[in-house]
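Please consult the sequence and the structure shown below.

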Amino acid sequence: MPTGSADGLALQLSELPEAVAGVLARLADAGHQAAVVGGSLRDLLRGTAPGDWDVATSAPPEEVARLFPGATWENPFGTVTVRAAPGRVSVEVTTFRVEAGYRDQRRPDEVRWGGSLEEDLSRRDFTINAIGWVPQDLAARRGLLMDPYGGAADLQNGVLRAVGDPDQRFSEDALRLLRAVRFASRFGLQLDPATEDALRRHATAAATLSGERVRDELLRILGAAKAASPPSSAFAMMERLGLLVVVLPELQALRGVPQAKARPGDAFDHSLRTADALPASDPYLRLFGLLHDVGKASTQGDGHFIGHETVGAQMLEAILRRLHVPRVEVARGRLLVRHHMFAYGSEWTDAAVRRFIRRVGAPALMDLFALRRADDVASGVEEPMRGGLDELRARVGVELATSPLHAGQLAVRGDDLIRELGVRPGPIVGRLLAELLEAVLDDPAKNERDALLGLARASLERGPDASPGGDQAHHSDAPQS
């Protein structure tokens, strides 16, 4: 890592892949300037492997696409994606450009190709991303750093600083407000005072961001597996800067909501700790953990939060839809938050365990257990009883392996009921199958063809309001002992 002024410093990038060197060489052979820039160079200077590679060039995008057959160019910002061999490395090749005007605080009103690498670096957001490496001897991986804004020194000193005037940078694109938080938390950087002051001044501009752009930044924060700080540090920073109340006001509303937990703090602190305790490999699950208690702000009373899981599930759905989260994840999050308050006890019968599985759904159980474990860690207590979660997990495993839990596992089908009992196709068939499943959940031994047909026949004789199991209580939402 270079220290002090790195502008013009000779640097060997021995980690530069052959595929990226090949892209640089082809551009140079065609008479164009080309340099490694952006996050890839930043990561190399930090001593970590880049996740992707960025190259800036004087070649216009049409020329880049011509030089690299099979490359894709589907955006107005001059970025051509090159799948370079060997290894089919993805390289984003972007033409030097100058931008002007940002009336919507997102897209430049004018983009002009050309200019120089230094001009191209000047339009970037933060100094750590405004560094270029210009090759001199690609075979030896030797080149010069172009670092007009001191980004290498800021990396070395642990500082996040906007390029040039921070007010201008944030007024150009409001997404940079959230990117500042992500970079600072991911790399363990302190905000430069002038940059922090500008962040506070522009925080309300985050309200202009689309749900998709906010969602993507939140997921990047939550999915950072090797962040210098846990996700909680990023959301605490958002709160301090006045950003959180703009992008996630429902989470901000938990500040000051008291909780009687073994670990100190309020419902806001608890929510952040829950997100930290979930795996970075599943950022959506972390998001659900972050928001699992949003219903507490409107349900608190006498030290209790009656029904907060139901209210919270509805609120979570509204938040996720605002962020344009895929429908499958909306349904997943709503289900997990709705059921995260289950109260297991060893006195549960096997039938109660089967009904729990049926109610939650087998595909969601591992996620629900992970959320509950994180909730427990964040609370500083073992809940339910000590070892109870592991016991329930084991019992669930046995039932999944041995018991019929859905209508498709019954020993009779709808066609059997129509043929053997003479019922007409329609809702009555579905009702009978549901009743038979309830009976089998109570007693799996009843899952025999003749026994089920007998139960269905008796149900028809008793009328539409009867149940073949004879016990109406087991239809309640709570597991029965």
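One aromatic cluster is formed by Phe342, Tyr344, Trp348, Phe356 and Phe369. The model is predicted, so to speak of local features a pLDDT of at least 70 is needed, side-chain atom pairs count only at pLDDT 80 or more, and totals for chains, interfaces and linings use all residues. Residues are numbered from 1 along each chain as its sequence is written, and side-chain values use heavy atoms, with hydrogens and water left out.

Nine aromatic pairs are found in a search of the whole structure. Rings of Phe, Tyr and Trp (its six-membered ring) pair if their centres lie within 6.5 Å; planes under 30 degrees apart count as stacked, over 60 as edge-to-face and the rest as tilted. Two of the pairs are tabulated here.

| Pair | Centre to centre | Angle between planes | Class |
|---|---|---|---|
| Phe126 and Phe170 | 6.3 Å | 55 degrees | tilted |
| Phe342 and Phe356 | 5.2 Å | 55 degrees | tilted |

Phe126 lies in the loop between α4 (117-122) and β8 (132-137), and Phe170 in helix α6 (residues 166-172), so their pair ties together parts 44 residues apart in sequence. Helices (H or I, at least four residues) and strands (E, at least two) are DSSP runs, numbered from the N terminus.
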